[in-house]
Structure formats: structure tokens, C-alpha cells
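This report describes one protein model through its fold, its surface and a few selected residues.

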Amino acid sequence: MWLFLFTEILLFGGLFVIYSVYRGMHEADFHHAAAELNKFMGVTNTVVLLTSSFTIVLSIAALQRNQVGRSLAFLFSTLGLSATFLVIKYFEWSAKYHHHIFPGTEHIHELPHGEGLFFNLYFMMTGLHGIHVVVGMIVMLVVAAKIRSGAVGSTNYAMLEYAGLYWHLVDLIWIFLLPLFYLTT
């Protein structure tokens with residue numbers, strides 16, 4: 001599990017380096033493009049993800065105390081918060097799509113080169129993060145089914161802990177994405 005998490009950190013670390021290089025080359029364009037993003041939605045999504053990290057920790061703690069019902073309730077709370085994150089991200093992306101600021105559109109090619117790079121990186125990195133959120137949700141659903149069946153319980157809760165580690169990584173990546181894209185102005 002730790003090796004997998006390390007490879008994920010390498011993947012996003014490489015993307016952060018690419019972002020930094022392009023930002024250094026096109027600082028004014030990145031600054032201008034970042035002003036187009038909705039900071040309220042970005043910060044709200046951060047609060048949602050941090051809260052979901054807290055609820056998955058509570059789920060693990062409850063399962064360790066053999067409180068299966070409480071553990072499942074916190075796990076489904078985490079799933080609900082994950083879905084909330086994706087809904088907010090959907091509205092953010094929809095707004096950009098309606099303004100023709102989306103990869104492959106004519107308008108994004110008409111923007112100054114740095115702004116086009118910014119938005120392409122924004123959609124690629126937040127999209128990749130969104131895929132990780134969906135994978136995390138699928139993992140949590142599998143773990144919830146195993147908790148219900150008794151295959152995962154108070155004496156063998158490693159699977160839930162691994163799901164929690166993965167989920168903390170997803171949160172950590174978002175914590176780096178927030179200032180890169182939303183708070184750079």
C-alpha cells in the first residue's frame with residue numbers, strides 16, 4: 001500500500017513540477033487565468049474533503065471499538081461528502097464549459113498561450129484528482145460491503161485503514177491543488 005501511495009505522490013509531484021515550470025514562464029497569464037476560477041467553490045471543496053477525512057478516521061476508530069453500525073454511518077458520511085465534492089466540481093466545470101473555457105474548444109486556443117496552459121493543466125490535474133475521488137468511493141463501497149458481511153471487523157480492520165490512507169492522500173493532493181489554481185491571484 002505504501003508503495004502505491006508513493007507512486008501516486010510521484011505522479012502528482014511531477015505534475016506540480018510541470019505546473020511550476022509553466023507558471024514561471026507565464027506568470028502574468030497564470031495570475032489572470034486563476035482569477036476566472038471560483039475561489040468560494042474551491043475553498044468549499046477543501047472543507048468538504050477535510051471533513052470527509054475526519055469522518056473516515058471516525059469510521060476506523062468506531063470499527064476498532066466493534067461499533068459496526070457507527071463505523072458504517074461514518075463511512076457512508078465520507079461517501080456522501082465525496083459525492084458532494086464531485087457535485088461542486090461538476091458545477092465548476094459546467095460553468096467553464098458554458099464559457100467555452102474547456103480543452104479542445106476554439107476559445108481556449110484564442111486565449112494567450114499561458115492562460116491556455118493554465119486551463120489545460122487545471123482540467124487535467126483536477127480531472128485526474130476527480131478520478132482518484134471516484135476510485136476512493138468505489139473502494140469505500142467495497143469496504144462497506146465487507147464490513148456488513150463481517151469479513152472486515154474489529155480484529156481485522158486493515159482494509160478500512162488502507163481505504164483511509166488512500167483517502168488522506170486524495171485530500172492531501174487537493175490541499176496542494178487549491179493554492180496552485182485558486183489562490184494564486
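The sections below move from the whole chain to individual side chains.

## Basis of the description

The model is predicted; local features require pLDDT of at least 70 and side-chain atom pairs count only at pLDDT 80 or more, while totals for chains, interfaces and linings use all residues. Residues are numbered from 1 along each chain as its sequence is written, and side-chain values use heavy atoms, with hydrogens and water left out.

## Overall architecture

The protein chain contains seven helices and zero strands; helices (H or I, at least four residues) and strands (E, at least two) are DSSP runs, numbered from the N terminus. Its order along the sequence is α-α-α-α-α-α-α. Taken along the principal axes, the C-alpha atoms occupy a box of roughly 60 × 30 × 25 Å.

Of the 185 residues in the protein chain, 44% are buried. Here buried means under 20% relative accessible area, exposed means over 50%, and partly exposed lies in between (1.4 Å probe, protein chains only). Among contacts (heavy atoms within 4.5 Å) between residues at least 6 apart in sequence, 83% join residues at least 24 apart.

## Surface

The protein chain exposes about 9300 Å², and carbon and sulfur atoms supply 70% of this area. Accessible areas come from the Shrake-Rupley method with a 1.4 Å probe, and for residues only the protein chains shown count as cover.

Val17, Ile18, Val21, Tyr22 and Met25 make a nonpolar surface patch of about 450 Å². Patches consist of residues with over 30% relative accessible area and no salt bridge, like charges being joined within 9 Å and nonpolar side chains (Val, Leu, Ile, Met, Phe, Trp, Tyr) within 5 Å. A salt bridge is a side-chain nitrogen of Lys or Arg within 4 Å of a carboxyl oxygen of Asp or Glu. Met25 belongs to helix α1 (residues 2–25) and counts as exposed because its relative accessibility is 55%.

Helix α6 (residues 113–149) has 37 residues and should span 54 Å at 1.5 Å a residue; its end C-alpha atoms are 54 Å apart, which agrees. The expected span is 1.5 Å times one less than the number of residues. After α6 comes Gly150, with a positive phi near 90°.

Leu128 is located in helix α6 and is partly exposed, its relative accessible area being 23%. With neighbours within four places in sequence left aside, Leu128 is in contact with Leu11, Phe12 and Leu15. A distance of 23 Å separates the C-alpha atoms of Leu128 and Val143, which are 15 residues apart along the chain.

## Thr55 in helix α3

Thr55 lies in helix α3 (residues 39–64). With a relative accessible area of 9%, Thr55 is buried. Residues up to four places away in sequence not being counted, Thr55 touches Phe74, Ser77, Thr78 and Leu81.

## Aromatic pairs

Rings of Phe, Tyr and Trp (its six-membered ring) pair if their centres lie within 6.5 Å; planes under 30 degrees apart count as stacked, over 60 as edge-to-face and the rest as tilted. This rule gives a count of 18 aromatic pairs. The pair of Tyr97 and Phe102 is edge-to-face, because the ring planes stand at 90°, with the centres 5.4 Å apart. Tyr97 is partly exposed at 48% relative accessibility, and Phe102 is partly exposed with a relative accessible area of 23%.

The rings of Trp174 and Tyr182 have centres 5.9 Å apart and planes at 55°, so this pair is tilted. Both Trp174 and Tyr182 are buried.
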